[in-house]
Every structure is written in C-alpha cells, then in structure tokens.
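Please look through the model below, taking the two chains one after the other.

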Amino acid sequence: MYKIPREEWYDLTRAVNWTPKYVTEEELFPEEMSGARGISMSTWETYDEPYKVTYPEYVSVQREKDSGAYSVKAALERDAYVDRADPGWISTMIAHYGAISVNEYGASTGEARMARFAKAPGNRNMAIFGALDENRHGQIQLYFPHANIKRSRQWDWAHKAMHTNDWAAIAARSFFDDIMFTRDAVAVSIMLTFGFETGFTNMQFLGLAADASNAGDHTFASLISSVQTDEARHAQQGGPSLKILIANGKKDEAQALVDVSIWRAWKLFSVLTGPIMDYYTPLEHRQQSFKEFMVEWIIIQFERQLADLGLDAPWFWEDLTKGLDVTHHGMHLGVYFWRPTVWWNPAAGASPEDREWLEEKYPGWNKTWGKCWDVMTDNLNNGREDLTLPETLPYICNMSQLPIVGTPGDGWDIKDYQLELDGRLYHFASEADRWCFEQDPERYKQHQNLIDRFLSGEIQPADLSGALLYMSLGPEEMGKDAHDYAWAEGFKDKTKVA
Amino acid sequence: MAVLPICANFEGDFVLQLVSVDTDDTMDQVAEKCAHHSVGRRVAPQPQKVMRVRLHGSNENYPRGMKVSDASWRATETVDVTFADQ
C-alpha cells in the first residue's frame with residue numbers, strides 16, 4: 001500500500017486547528033485554563049516546536065526504551081545489587097523514588113492541560129506525547145522500587161511519600177502545585193517544561209545516571225536514562241511559548257514565570273540532589289561536585305538558552321550562583337540532624353576523607369559547616385547520640401517550605417527575610433523566595449507551612465513525636481544514619497572527651 | 001504569663017529554629033532556651049562568655065534582665081542570640 005511520505009503530511013497534522021461553530025472560542029479555550037494572554041489564535045498557530053515526532057515513531061522508540069530498562073532490571077535482579085550496594089547509594093534511590101515517582105504521574109496532568117487547553121496546536125500535539133511520557137515515568141519509577149519493599153518499608157515511600165504530610169512532601173507538593181497543577185496551559189509550558197525540566201531534570205537525571213553507573217547500579221542508571229531522553233524532548237515545549245509571548249509584548253510576564261520556576265526548582269534540588277551528589281554517593285564514585293555539575297549543566301546552559309530566547313538572566317542569578325557554595329550544605333545538615341523526619345537513611349558523608357574532599361571542592365568548608373559537624377562528631381564519639389537528634393523544629397520558609405539555612409561557624413550569616421501581610425508575619429529564606437511570594441500574594445498567602453500547622457494545633461501532641469505522627473512516619477520508616485555512624489570512627493583519636 | 005513562639009537564630013548555627021518562650025522570661029532565660037537547641041549540638045560551648053539577645057538584624061542587645069513582655073515581639077519574631085564578653 002502506498003504510504004504518503006512523512007514530510008508531506010506531518011506539518012498539516014501537527015498543526016490541525018478548527019473554528020468552533022457550536023461554542024465560542026472563549027468557551028472552548030477558557031482564559032483561565034488556556035492562558036492565551038490576549039494573543040490571537042492565529043498567532044498561537046505559529047507555535048513551532050523544535051522536536052517533531054509522529055505517533056508511530058513515538059511508540060516504536062518508547063517500546064525500545066521500556067524493553068531496554070525492564071530487561072536490565074530483570075537480568076540484574078538475580079544479582080541482588082541492592083543487597084550489597086553502599087547504604088548511601090540505597091538512600092539515594094529511596095529518596096529519589098519518594099520525591100519523584102508520584103510527581104511524574106502529576107506531571108502527566110500538567111501535560112494533559114496543555115494537550116487540551118493550549119491554543120497552539122503544535123503544543124497540544126507535543127503535550128499528548130508528554131502526557132504519555134510522564135505516565136510511563138510514574139509507572140516505571142513505582143514498579144522498580146516495588147521489588148525492594150521486601151527489603152525495607154522505606155521503599156514503599158516511592159508511592160506513599162506524596163500522600164503524606166512529611167515536610168519534604170509538603171515542599172515538593174507546594175512547588176509542583178504551583179508550576180503544573182494550578183497554572184494555565186501557557187504557564188505550564190514555561191514553568192514546568194522550560195523552568196523545571198530543561199534545567200533541573202538534567203540535574204537529577206543526568207547527574208544521577210552518571211553516579212549510578214559509577215556506583216555499579218546499572219538498573220537505576222538505565223531507568224533514569226530512559227526517563228531523561230523523554231524529558232529532553234518534551235522539555236522543549238516552553239521555548240516556542242516564550243518566543244510568542246516575547247514577540248507579542250509580554251516579555252515581562254514571560255520573564256517572571258521563568259524566574260519564579262527557576263528559583264523554586266533550584267531550592268527543591270538543593271535539598272534533594274545536593275546532598276545526594278556531595279554526601280550520599282560514596283566518595284570513590286562521585287563524578288563531579290554538586291556545584292561543578294550545577295555550573296556546567298544548569299548555570300551555563302540556562303544563560304545560553306535565556307539569551308537565545310531574548311530573555312535576561314533572572315535578577316537573582318548572582319544570589320543563586322553564590323548559593324551553590326551554601327544552600328545544599330545547609331539542607332544536608334538539616335536533613336541529617338532531623339533524620340527521623342525523612343523516609344530514607346541520610347548518609348553523613350563527613351568522614352575524614354569526605355571532609356578532605358569537601359574542603360577541596362568548597363574551600364572553607366571546615367571552618368563553617370565543619371564546625372557544626374565537629375560538635376556532632378564529638379557527641380557521637382562520646383556516646384551522646386541524643387545530642388545529634390532534634391528536640392524542636394527548624395523554622396520553615398513560607399515559599400520553599402524548606403528550612404531557613406545559612407552559613408554557620410566562622411562565616412555565620414543566616415538572614416531571615418520577613419514580610420508582614422494582613423497581620424501575619426511571613427518568614428523567607430532569601431530575597432528571591434520573598435520576591436516569588438510578592439509576585440502573587442493572593443496565590444500563596446493562605447498556605448500553612450509546617451510551623452504554622454504546629455502552632456495552630458493541627459499537630460498533636462505538640463512535640464516532635466506528634467510531628468512524626470503527623471508525617472506518617474512509623475519506627476521502621478524513620479531515617480537513621482545510613483552507615484550506623486561508622487564515618488565518625490575516623491575521628492576517635494581527636495575526639496574531645498566530654 | 002503566656003507562651004510565645006519565636007524564631008531563634010543562634011550564633012554559629014546553620015538554621016533558624018522554633019523555640020517556645022514565656023512572656024515573663026528575661027532575655028537571659030530566652031538565650032538559655034535558644035541555646036538548648038544549638039549549643040552542644042552543633043555549636044561549641046563558650047563557657048567564658050555570656051549570651052545576649054537582640055532583634056534579628058539589630059546591632060543593639062536587649063538588657064539581660066529585660067522581660068519578653070516588654071520587648072513588643074510579634075508571634076514568631078526572629079531574634080539573634082550571640083556570645084559576648086558581658
């Protein structure tokens with residue numbers, strides 16, 4: 001049978017549009033859902049996605065990806081890699097699955113919003129593939145960890161985490177609700193695919209794939225590589241939306257959407273990927289430091305992409321760059337100290353050898369972060385584990401929903417950025433967090449962070465045990481030191497006796 | 001006498017923390033309550049020094065015997081606690 005060559009029909013089918021007769025254009029594409037921003041349908045029809053694919057091509061490629069990843073898993077299952085992997089690497093996987101898997105399902109909803117409500121037919125076409133991608137990512141990242149539930153209940157948090165009030169789940173939900181569940185189709189294309197996926201899934205998926213390979217975890221490496229190749233395709237939906245907004249006098253609005261999503265994504269990755277790359281991944285398997293990876297894959301790439309589109313670097317770019325030396329060290333220390341409140345076992349990554357590496361990658365680490373670790377190490381070596389565990393809650397930022405951290409020790413410089421609105425005092429971890437809030441206070445002001453919930457009596461009993469109950473963490477699920485404090489042994493000769 | 005939640009920023013520490021104080025507490029008592037969650041946990045003790053309290057970002061310490069009720073703090077006010085010679 002004669003088949004019409006692809007090039008003769010593709011442009012027609014990918015840009016199919018129609019003129020509604022039975023409903024108005026506004027009824028078909030409500031502004032609240034479509035977000036056309038006064039730009040005409042004919043202009044949205046010029047949306048030109050750089051990556052074009054047909055459904056048969058898509059299915060063929062996806063089938064290959066799935067069969068590759070599932071085959072590797074099946075082949076290596078008998079090898080029982082998980083039983084002999086470094087506990088720090090196990091924690092990496094458990095943290096990753098809990099933070100990511102269910103949000104991948106969520107992302108298919110964001111893609112579906114574009115598939116239905118985008119006025120740009122090219123965006124609708126691409127978003128159908130994006131929705132299928134994200135559905136696959138949800139399924140595969142739930143299926144793989146499920147095989148390990150027999151090893152520890154923490155693996156079950158791949159599915160459970162986002163359905164709880166664990167602080168990390170609240171932070172992730174706050175971000176994803178903001179960028180993909182509660183925005184119009186155009187904003188989703190910019191905030192989810194450009195702001196978040198272009199930059200930051202590179203971070204989580206490329207960086208982690210490299211570390212996984214180095215650590216000998218070929219199952220995880222093949223899984224996340226198969227996810228990353230989808231992301232690289234559907235992340236390209238935001239660029240054409242930005243071009244149309246900029247060409248039609250909406251540059252400021254476009255820039256604000258980009259800036260908010262980049263900042264919020266950065267904060268989330270500072271707590272998820274930063275500790276994994278610089279502390280959990282065994283020293284001998286670390287490819288690059290978190291900062292090195294961020295500079296190469298995020299900072300330089302974003303600067304080039306923003307310039308290509310005619311956008312400016314976000315106003316907070318210098319703050320973000322400086323934060324590469326600070327924020328994730330604080331997030332790691334916080335997660336470690338409050339380890340009973342997470343569903344994975346944090347690896348301290350603070351042995352003498354680790355600290356030497358940290359000092360080399362982050363000059364001054366020993367005089368700042370190291371000062372806090374000195375006290376904790378002495379406590380552990382003096383049999384005072386109790387002093388390395390929390391008795392209160394860290395103060396939480398009203399934008400990122402993450403602890404407000406800064407440099408400790410000799411460089412002590414923590415700053416609380418405040419805002420008083422309608423009689424309520426809000427606390428933010430940075431000028432940029434406060435700025436995000438100020439872009440749309442009506443959107444954010446009712447949200448209750450973990451501290452607000454604690455103070456309002458929602459968490460009972462009103463102590464740490466009540467907080468753990470509120471977060472649905474059972475004794476077998478609460479985080480413990482991944483290596484049972486073996487890392488502190490190397491300091492025993494130097495320990496100050498209490 | 002009433003409980004007041006504050007946000008404590010202790011010198012040398014890396015994180016702000018929720019601390020519960022009483023409106024009848026003196027600033028020395030506030031400092032002790034904040035220190036409980038930082039000193040000996042992540043901040044090395046400085047036994048030769050005293051601890052002073054100030055409004056976050058201010059250069060001026062509160063008098064050590066001043067009561068919380070006289071400081072006009074809002075709920076969840078942020079205070080800095082620092083080591084000082086006196």
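What percentage of the 86 residues in chain B do buried residues make up? The share is 43%, where a residue is called buried if 20 or more other C-beta atoms, placed from the backbone, lie within 10 Å of its own, exposed if 12 or fewer do, and partly exposed in between. This is a predicted model, in which local features need pLDDT of at least 70 and side-chain atom pairs count only at pLDDT 80 or more, while totals for chains, interfaces and linings use all residues. Residues are numbered from 1 along each chain as its sequence is written, and chains are lettered from A and ligands numbered from 1 in the order in which they are written.

Chain B has one helix and four strands, with helices (H or I, at least four residues) and strands (E, at least two) taken as DSSP runs numbered from the N terminus. Along the sequence these elements follow the pattern β-β-α-β-β. The radius of gyration of chain B, taken over C-alpha atoms, is 12 Å, close to the 12 Å from the globule rule (2.2 Å times the number of residues to the power 0.38), so chain B is as compact as a globular protein of that length. Its C-alpha atoms fill a box of roughly 30 × 25 × 20 Å along the principal axes.

The four strands of chain B form an open sheet with mixed pairing and the order 2-1-4-3, two strands being paired if DSSP finds at least two bridges between them. Strand 2 and strand 3 (50–55) of chain B are at the edges with a single partner strand each, so one side of each has no neighbour in the sheet. Neighbouring strands are turned by 45° against each other on average, direction ignored. Strand 3 of chain B pairs with strand 4 (residues 78–84) of chain B in the antiparallel sense over six bridges, and within this pairing B:Met51 has B:Phe83 of strand 4 as its bridge partner. Helix 1 (residues 27–35) of chain B packs on the sheet and touches strand 1, strand 2, strand 3 and strand 4 of chain B, its direction making about 100° with that of strand 3; such angles run from 0 to 180 degrees between N-to-C directions, and axes are lines fitted to C-alpha atoms, for helices over the stretch in contact.

In chain A, the secondary structure comes to 23 helices and two strands. Helix 7 (residues 87–117) and helix 14 (residues 251–280) of chain A pack at about 170° with their axes 10 Å apart, which makes them roughly antiparallel (over 145 degrees; under 35 is roughly parallel, 65 to 115 roughly perpendicular, and the rest oblique). Among the residues making this contact are A:Trp89 and A:Ala95 of helix 7 and A:Leu272 and A:Tyr280 of helix 14.

Where the chains meet, 23 residues of chain B are in contact with 26 residues of chain A, contact meaning that C-beta atoms, placed from the backbone, lie within 7 Å. Strand 1 (3–10) and strand 2 (17–22) of chain B each supply at least two residues of the side that touches chain A. That side has 10 nonpolar, eight polar and five charged residues, with Ala, Val, Leu, Ile, Met, Phe, Trp, Tyr, Cys and Pro counted as nonpolar, Asp, Glu, Lys and Arg as charged, and the others, Gly among them, as polar.

Methods
Two residues are in contact if their C-beta atoms, placed from the backbone, lie within 7 Å.
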